[in-house]
Amino acid sequence: KLKVHVEGPDSTPASVSDRIRSIWLSLCAGTSEIKSRAVVKYSAAPPPTSYALLQEKTDLKLPPANWLRENPQLGTAGTTILGSSSKSKPFSSFGMAYDFIDCIGDDVDVVSDSENIKKLLKIPYSKSHVSMAVHRVGRTLLLDDLDIQELFMRSSQTGDWTWLKEFYQRLIDQKWQRKKKSKEHWYQKAILSKFLYYSINGDGAAEPVSDNLDEGEEENGAEEFNTSWPTAFTSASSDAEEADAPKQESIDSQFALGQVTSVPKEQNLPMLFNEGENSQGLRNDFVRNIMWTFEDIHMLVGSNMPIFGGGRYPAVSLRLRDNNKPINILTGMDYWLDNLMCNVPELVMCFHVNGIVQKYEMIKTEDIPHLENSTFSTRVVKDIAQNVLSFLKSNCTKEGHTYWLFKASGSDIVKLYDLTTLCEEAEEEKCQNPFTLPVAVLLYKVASNLMLKVRQNRKHYGTVRTLLLNCVRLLDEERHPQIIASAHYMLSELFQLDEPPQEDGGESLREEEEELTEDSDENSYSSQDDSKAVAVIRSVGELSVPEKYKSTHQIRPSCAFPVSHDKEEKCRHVLSYVLKGLKAVDGTIKKESDLPAADPNTPIPLKYEDRSAIGACAAETGISLLLERVGPLQMDKKYPTRSGMSPGSWQHRMKLQLFLKASKAYYVLSDAATNLLKYGRALRYIKLSLQSYDAYCSVSGTLHPQVLQFHSQCLSLCGDIQLMLAQNANNRAAYLEEYSYQTKEDQEILHSLHRESSCQAFNMATDLATDPEYTLFVSNKCYEAAYELLDSEALKDHSPDQLTQVLKRLGNIRNEMGVYYMNQSAAMQTEKEVKKSVSVAEQEMWKKSFAFFEKGMKDFEAIGDRTNTALLLCNTGRLMRICAQAHCAMSADQNRGEFSPEEALYYNKAIDYYLRAMRSLESRESHTAVWDSVNWELSTTYFTLATLLQDYAPLSRKAQEQIEREVTEAMMKSLKYCDLQTESARQPLYQYRAATIHHRLASMYHSCFRNQVGDEHLRKQHRSLAELHYSKAVCLFLSLKDAPCELLRTLLERVAFAEFTMAGQSSSAAKLKSLTGAIEIMTETRHAFQMIHNELLEEVSLRSPDVASGPTSGLNLQEVMKLIGVFEPSFSFLLLQLIKLMTTMKRKPSNKDEEVLKTYKNVYSKLLRAEKNAPLLSRVKLHMELLQQLTAETGSDDTGARS
């Protein structure tokens, strides 16, 4: 058997003679009126050998010695399928279509036996009846001979087609009876058969044709070839089927890990379509298949015409003619079309009289239309072909329907019926159409073939979907569950769940819907005379009129592919197909008794469990069990599954695919719900996804790395959802409602999953818990499981990006848990009514928190994530500060004790962690926000440490000087990290802190200066430092504009410092200078009073009769009153001292001095006369006026303090 493809670059022709013949005919056709090109796609015949030239007077009535022996030259069935006498089989076009599935649906217009093509093209010239079945697959029409008489003979025996028989008798032929073949018919058939056997060179044949060429060697070669040929030839069709099988396997391996058979393997097609003898029609029994292009019509044609070699040309066809009967048009057309289809350039005619050979005559193919008595126009034949094709394409529009093209014997009217519709209208319950299954399988095969191209070209989506839906519509689920399940799986595969949304708005998904051109009135197909006919050709003569029937040759898709950008809608489509596929598979598994009884209408409750160590262990055990099933492909399970499926069966393979697809669809739904912040719904979907995956694992013997990778994604998403639920615990009621809701579809899928698995493996991970701590714990476990999978040997190098993502999530959840336990310990501190030693529970919380922070840091360090490492170090620093706060010593009367060494230890640890965080970030540019946050925390920690050391000095353990040194060091370090230059939200806070630090340092040096006795150098140093820090503090508080109390306190302390300095002076001049300096400092308090005044006014304006609220400003009135209480005596004391000193001066005062003294006295007088119980606002206003008066007089306009 030779399979020849002469279209691709790597293909080789069946023989040299085939190639020469093809070239010759192309040249020959080019010179004639019509264009014809034929390419042999497949040939089961040996290269043509020369025919035997019979001697004159040879009696063809006598059988030759080799008669009816199988011979490759004549085909498998000898003479019964030869030439015009062959009998077309009812499914012959399907056999060809299965073999050349690539051509079906798009490239080819017609697939048929050459006999049917000839019959159609001869319609206008012939009176004989025409009866053909027409099927449409995409843009391809399949034509098959429909022998009504044989059909009705069977109908009378089986009762299958009685509806069609009644219809036929009622509308077409009231007196139907089977017509018997005449004796003449059988006589002609017999002598043709004997003639062809005589013509074979070889056993029992006559002498070979003599020619100039040396034919002897050729014959010997042919005979040697012939001896081994029959064996190979008999297995031709089975080879074709076997060759087709691997092709189908590869189709499905493209879109799933397991293998789903596209065409049933357990029942071969001939068995599957067992319709008696007709089942053989599904095999491609033609000697050769030819791609014939006639004008613009592309046809895949099956031919059994014997072709011989010899003579001037590489190929000839042999014909036997009765010398007494002239050749008519029908015979001439027969010969011409046969030769065109098979690329045969010459015809050899043998004439006989009553079976006695008379003579031979050679005729060129292009001369056949011009023979005497059989002249016909090739142009008209071309018009007939185009009209017939247009008529069929315009009317056979429904894919999967069986159309019947019928012309009664002697009639001029051609009618087209839709048998599928007639069958549906029939009253019988079960009307069987024998074409249904072959059509469905063909639709399925074409769809499977197109699925390979879908990924490259999205325009095929709609076509594939239409093919599969039509396939499913034709089949009965009980009889053909495998095809139905496979079709539904492929339909689910059409929806690519992981692809990004289309930028072009998804238009590329939609099939082009070509407009079918409306035919004009004169070309309309009248059906008035027969209401049951889809279309009617009123007269066969119309077919000869050029372009009488027009068609765009396009098919409008019966259902365009649904374009959806909504992921949820896509997933719902997928799940509906998965469910239908599962139902088809489940229907074939009969072992119902072993299953727990389940009602699909009863929802399966989704319970949640409280935290338990058992749950955690279960999760870890589950992961380790999964990992055991990874690695090199192990032997699949040998024992049946829970539902009774045997491993390796089609049900088993199909369920694997469907379970995995369901799991992926639910995963995408869960991801979409997470993005919409619907965490209850997201948890429900991820639960269903993991349940589907659990069922997949129960059925699957081995787990492919890609499947495990997907599983780690599921676990990671589950971890995300649980984390979100923990963070949004307040909405738990709404989430519980979302979580508990179930659609009927989800319930049914779940029941199907329960047939194979208990689906309990991932319950812990997907339960909706009440306790946030448990939810965080579950989230952590999910991420750990995902990491374990990705870090296992099976996936180590498969997905580094995914591993990075999971480590990032793992670091994040550990940070969350660390923060959770840290907050718990902080809450315990605030709840304690009486401060006592640190409780065991607090220490446990610290340990847990610290352990999680440490683990999280390792995760982030593993992926080189410096920013998050810094954040975790920052959080650990905060934990250390909480520990320090817990260790604060309390005295017996519940007052704060001295600063303890434990506090110092933990604060210093906190500082270490913050400094490590700074080192991790390297610079502010690496991550501004995190850098600023760490910087602030570090400054705060130093400041807190210094403040506690200063306020609660551990004098029992350390010397005053040492404490002062430590305080100064900590304060200066805090100041170092106060970022006063960068504009940010924290800038005012930094300014306030810097001002406070300077104020505290100034106060400390002031105190040292007061208390220091003896060392004059040290006293001077303390004095200058106090002056420096006071001036800086005043500048910063002034720039803040919202810290009047702090500014006032600092200035008053500075005045006190000046007073103390004056106390040690003896000379009047020095004292006067000190007092004048002090009064200048005092005048600067007007800025503070101005701010206080403004805030008091604002408070008065905001307070209305309706609002009975307290002060709305941030002003502390108690503090203001206290400071004014200090200010007034201090101010009056300074004025009094100045007045005294200036009046007792020995030197004569200048005019200016007298003016100043007068002002001092005036101010002092007003101050003394001021009403002590006056409202605060009045007192502040008075102070402002007095200070302003002094400022104008003394000329102290500078807003800064003098150092």
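## Close-up views of a predicted model

**View 1. Strand E8 is covered on both faces.** Val316, Leu318, Leu320 and Asp322 on one side of E8, and Ser317, Arg319 and Arg321 on the other, are all buried. Buried means under 20% relative accessible area, exposed means over 50%, and partly exposed lies in between (1.4 Å probe, protein chains only). Seven of the seven residues of E8 are buried, so the strand is largely enclosed by the rest of the structure. Strands (E, at least two residues) and helices (H or I, at least four) are DSSP runs, numbered from the N terminus. This is a predicted model: local features need pLDDT of at least 70, side-chain atom pairs count only at pLDDT 80 or more, and totals for chains, interfaces and linings use all residues. Residues are numbered from 1 along each chain as its sequence is written, and side-chain values use heavy atoms, with hydrogens and water left out.

View 2. Two strands pair if DSSP finds at least two bridges between them. E7 (residues 307-308) runs antiparallel to E8, over two bridges. Here Ile307 stands opposite Ser317 of E8. Arg321 has Phe351 of E9 as its bridge partner. E8, H10 and E9 form a right-handed β-α-β unit. Right-handed means that, with the strands pointing away from the viewer, the path from the first strand over the helix to the second runs clockwise.

**View 3. Lys325 and Glu184 form a salt bridge.** Their side chains meet at 3.7 Å, N to O. Lys325 lies in the loop between strand E8 (316-322) and helix H10 (329-341), and Glu184 in helix H6 (residues 183-199), so the pair ties together parts 141 residues apart in sequence. A salt bridge is a side-chain nitrogen of Lys or Arg within 4 Å of a carboxyl oxygen of Asp or Glu. Lys325 is partly exposed, at 43% relative accessibility. Glu184 is also partly exposed, at 39%. The whole structure holds 37 salt bridges. A network of them links Glu115, Lys118, Lys122, Arg319, Asp334 and Asp338.

View 4. Glu937 meets Arg881 at 2.4 Å, N to O. Glu937 lies in H29 (residues 928-951) and Arg881 in H27 (residues 866-886), so this pair joins parts 56 residues apart in sequence. Both Glu937 and Arg881 are buried. The side chains of Asp951 and Arg1000 meet at 3.0 Å, N to O. Asp951 is in H29 and Arg1000 in H31 (residues 987-1011), so the pair ties together parts 49 residues apart in sequence. Asp951 is partly exposed, with a relative accessible area of 43%.

**View 5. Glu1059 is buried without a salt bridge.** Glu1059 sits in helix H33 (residues 1044-1063). The nearest side chain of opposite charge, Arg1010, is 6.6 Å away. Lys and Arg count as positive, Asp and Glu as negative; His and the chain ends are not counted. Leaving aside neighbours within four places in sequence, Glu1059 is in contact (heavy atoms within 4.5 Å) with Ser1130, Phe1133 and Leu1134.

View 6. pLDDT is the predictor's confidence in each residue, from 0 to 100. The chain mean is 77, and 75% of residues reach 70 or more. Residues 606-616 fall below 50, yet this stretch has 22 contacts beyond near neighbours in sequence. Residues 629-636 also stay under 50, with 17 contacts beyond four places in sequence. Where pLDDT is low, the predicted coordinates should not be read in detail.
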